[in-house]
Amino acid sequence: MFNSKLSFLILLLLLPLSSSSSSPEAIQGLVERLDTQRPSPFLQESAAKALLRRLLPTHLSSFEFKILSKDACGGYSCFWITNYENSSNKSAEITVQGTTAVEIASGLHWYLKYWCGAHVSWDKTGGIQIASIPPTGNLPLVKKDGIMIQRPVQWNYYQNVVTSSYSYVWWDWERWEKEIDWMALQGINLPLAFTGQETIWQKVFMDFNISAQDLNNFFGGPAFLAWARMGNLHAWGGPLSQNWLDQQLALQKQILSRMIELGMTPVLPSFSGNVPAALREIFPSANITRLGDWNTVDGNPRWCCTYLLDPSDPLFIQIGEAFIKRQIKEYGDVTDIYNCDTFNENSPPTSDPAYISSLGSAVYKAMSKADKDAVWLMQGWLFYSDSSFWKPPQMKALLHSVPFGKMIVLDLFADVKPVWESSSQFYGTPYVWCMLHNFGGNIEMYGVLDALASGPIDARISENSTMVGVGMCMEGIEHNPVVYELMPEMAFRKDKVRVEEWLRVYSRRRYGKSVKQADAAWEILHRSIYNCSDGIADHNTDYIVKFPDWDPSLNTYSTFSKQNRTPSFITTHRNRRFILTETQSTLPQPHLWYSTRDAINALKLFIDAGQDLAGSLTYRYDLVDLTRQVLSKLANQVYLDAIIAFQHKDAKALKSHSQKFEQLIIDIDELLATDDNFLLGTWLESAKKLALNPSEKRQYEWNARTQITMWYDTTKTNQSQLHDYANKFWSGLLVDYYLPRASMYFNRLSESLRENTRFKIVEWRTEWISYSNKWQQDTKLYLVKAQGDALAISTSLFQKYFG
C-alpha cells in the first residue's frame, strides 16, 4: 500500500474539473445519441465484473460496480471511487461507479494503480504486477467523499489503420479479449474496429458481379491487408482463403460484442474508392483511374498500381452505401462513426477547392445514405506528409465539405508535429490530439514523455479549441510500456503531469517496490531516451536490423571520420511512412537523439537493481530491452569502424571490427532469448495456429516471415524498397537472418581488399536476396519459451563491452 502522504499528493493532482467544457457544441448531439444506444446498466456492470474476474479473480467480492448518470458527474463522463458502506471482511470494500463500463474499468485501474501500487502492462511488455495489492479485507480506503475523475474531453481513441497488420494480424479471440480488457482499463472508448472487413467486401462486391477469382487478385495476404485496403498494393501475399474470411468475420463479431458491452463506440471502416480491376469491365463508363507505383522495385503490375473509383462518380456512392448497409446487417447498428482516408494515399487530380469540396461531399454522402447520423473520422496525416498540396484553401475545402460536426480529424502526429497549431484548429473542425510514436512495429526504446504530459493540455485550453479527444495511433504495439501508460492517462488529466514525479510512482508500481537504483535509472531515461526533441519520427534504422544496401567503394573516409558522426538520416514521406532513402554516395546513419553514455549509466543502475528485482517479469523485460538498446547503438559504431577500415584498406582492422559486429549480433540474440517476449518463434507460431490446412499454414508463415524482413517484392539484384521496414529485435531472427547478411557483406568487403578490386555490391545483393527468399519460404522451428538468465547475461555483456 502506498503511504498516505503520497496518496494525498495524488488526490490533489486529480481534483474534479470545473464546469467548463472544450468540446464543440456540434459534437454534443452525437455524444448524446451514442449514449442512448449503449447497453443497459445491468449489462455494462456485468461486463465490468467479468473484466475484474479475468484481471483479479481473488478480489471479485472486494469491488462493487455501478453505472451512474452524467448528471451525477456534473454533465461529464466520469468515474467515482468511494468506500463501500457497511464494509466488512465478507462484503465489498470499494465501490467504483462510472457513466459507462469503460469508466468503471478506468476507475478500477486508477484505484489499483494509485492506492494499491499495481501495474497493468501488455503480456509482451512484462504483464501485470499485482503482488502489491493487499489481500481481500485489507484494501486501502479512499477519502470520505471518494474521488471523482471527470474526462476533460469526450474520447480516448485507439489504433492506426496499419496496426491491424503489424500487431493484430495473427490474434485469436483469447488475445483480443486481453486487448479489449487493457483498452477498457486505460479508458479507451473510441477504438478502430477493422477486423473482418474483407468478408464484408466479398459480399458487397459479389453483389456488383465481381467474382471470387477477381477478389483473389484484389485482396492482399493476411500480413498485408492494411495496404491492400488503402490501395497501395493488391494480391501480395494472397489470396485469402474462405476459411480466413469466415474466421475473421466471426472474430469481428466477438470483438464488437465485447466493445459494446463495455460501452465503447467502435469505429468501422467505410468506402475509400479502392476497387478490383474487374469493376472497369463491368462498369466501363465509371470514372476509374489506375494509381501510380507504390514502392515496388520495378512497377510489377501483379502487385502495384491499384484502381481508384473517383468519389464524384455515382457508382462511388452506390458502393459506399452498400458497404455500410452490409456492415449494419452483419453487426447491427453499433456505431455512427466511420473511418475513411481516401485522400491520404493520393492527392486529388486538381487543387481547385471547389473540386476538393465536391469529393469530400461525395465521400460523406456514401456514408450518410446508409446511416443518416454518420460521422466521418479521418486521419489527418495527409495535411502534414503532403503539406505542399494541402494549403489552407485545400484544407478548408475538404474539412468544410461536410456539415459541421459530421467530421472528426485525427491529428495523427501531434506528439511531434501538431497540425492543429498551424491550421487554426483544423479551421474549426473537431479533432483528436494523437500520439503516433511507432513506425513498423519496430522494437526501439523511444518517446517524448514531456510532450505527452503537456501537449494535450495545451491543445485543450488553447483559444477556440476544437479538441474533442486524445488518441494513440502507433503503427505497432507491445513495446515502450511507459509511453502507453502515460498517454491514456491524459484522457483523464486536466492539468499537465510532472513527469519526474510520475516516473517515480511508475517505477514503484511497475516493479512492485521502490528500488533506488531503478528510480535513478528512470531519471536518466527520462532526460535521454524518452526525451526525443529533435522532431524526427522514430523508425529503428540500427545497422543490425536495417543493414545498408550501400557500396562503400564510392565514398571516402572523410565522410565517416570519428569527429563527424552526427546522428542523422535521410527520409522521405510516402503514404504515412518514413522510408529510409539509400543512395550510392551517402551512408545513412541511424537516428540517435541522446547520449549513449547516459543509456550505459542507466543500464548499470538497472543491473544493480537486479539484486532486489530479479524475480520480477516487468523488471526482466525492461532490463533486456535496455541492454538490447545499448548494445545495438554500440553495434552502429562498430559498423562505421569497419567501413572506415575498408576505406583505409586496412584488412586487419576490417576483420576485427566486422567480427565484433557479428559477435554483438550473437550476444544480443542470446540476451533476447532469455525473455519470452523477444522471440521470433511466438510470431511464427501464432500465424500457423490460425491455419486450418497445410496450404494455409505455409502461406501464413510466409506472410509472417516476409513482413518482418523483405516486406515487399524484389528482383534478383534489387532488394525491396521496404526491406527491414518492420524490422524486429527478436531472438532467432538475429542469428538466422541478420547475422548471415552481415557476414556475406563483410566477407565480400574482405575479398575486395585481398583482390584489390571494387566491392562487388551486385554480387552481394544477388547472394543476399537469394538467401532471404529461401529464409522467407523456410519452415524452421524457433523457440517459443525463454532460456537463460537475463540478469546474468546482461551483467556479463555489460562487463564484456563496457567493463
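I worked from a predicted model, in which local features need pLDDT of at least 70 and side-chain atom pairs count only at pLDDT 80 or more, while totals for chains, interfaces and linings use all residues. Residues are numbered from 1 along each chain as its sequence is written, and side-chain values use heavy atoms, with hydrogens and water left out.

**Salt bridges.** I searched the whole structure and found 42 salt bridges (a side-chain nitrogen of Lys or Arg within 4 Å of a carboxyl oxygen of Asp or Glu). I noted Asp373 with Arg33 at 3.6 Å, N to O. This pair joins the loop between α13 (353-368) and β14 (375-379) to helix α2 (residues 25-36), 340 residues apart; helices (H or I, at least four residues) and strands (E, at least two) are DSSP runs, numbered from the N terminus. Asp373 is buried at 17% relative accessible area (buried is under 20%, exposed over 50%, partly exposed in between; 1.4 Å probe, protein chains only).

I next looked up Asp207 and Arg326, whose closest N and O atoms are 3.5 Å apart. Asp207 in helix α7 (residues 197-207) and Arg326 in helix α12 (residues 314-331) are 119 residues apart. Asp207 is exposed at 54%, whereas Arg326 is buried at 18%.

I also recorded a salt-bridge network of Arg54, Glu177, Asp181, Arg258 and Glu261.

**Thr618.** I found Thr618 in helix α22 (residues 617-647), buried at 2% relative accessibility. Beyond neighbours within four places in sequence, Thr618 contacts His119, Gly126, Gly127, Arg510 and Tyr511 (heavy atoms within 4.5 Å).
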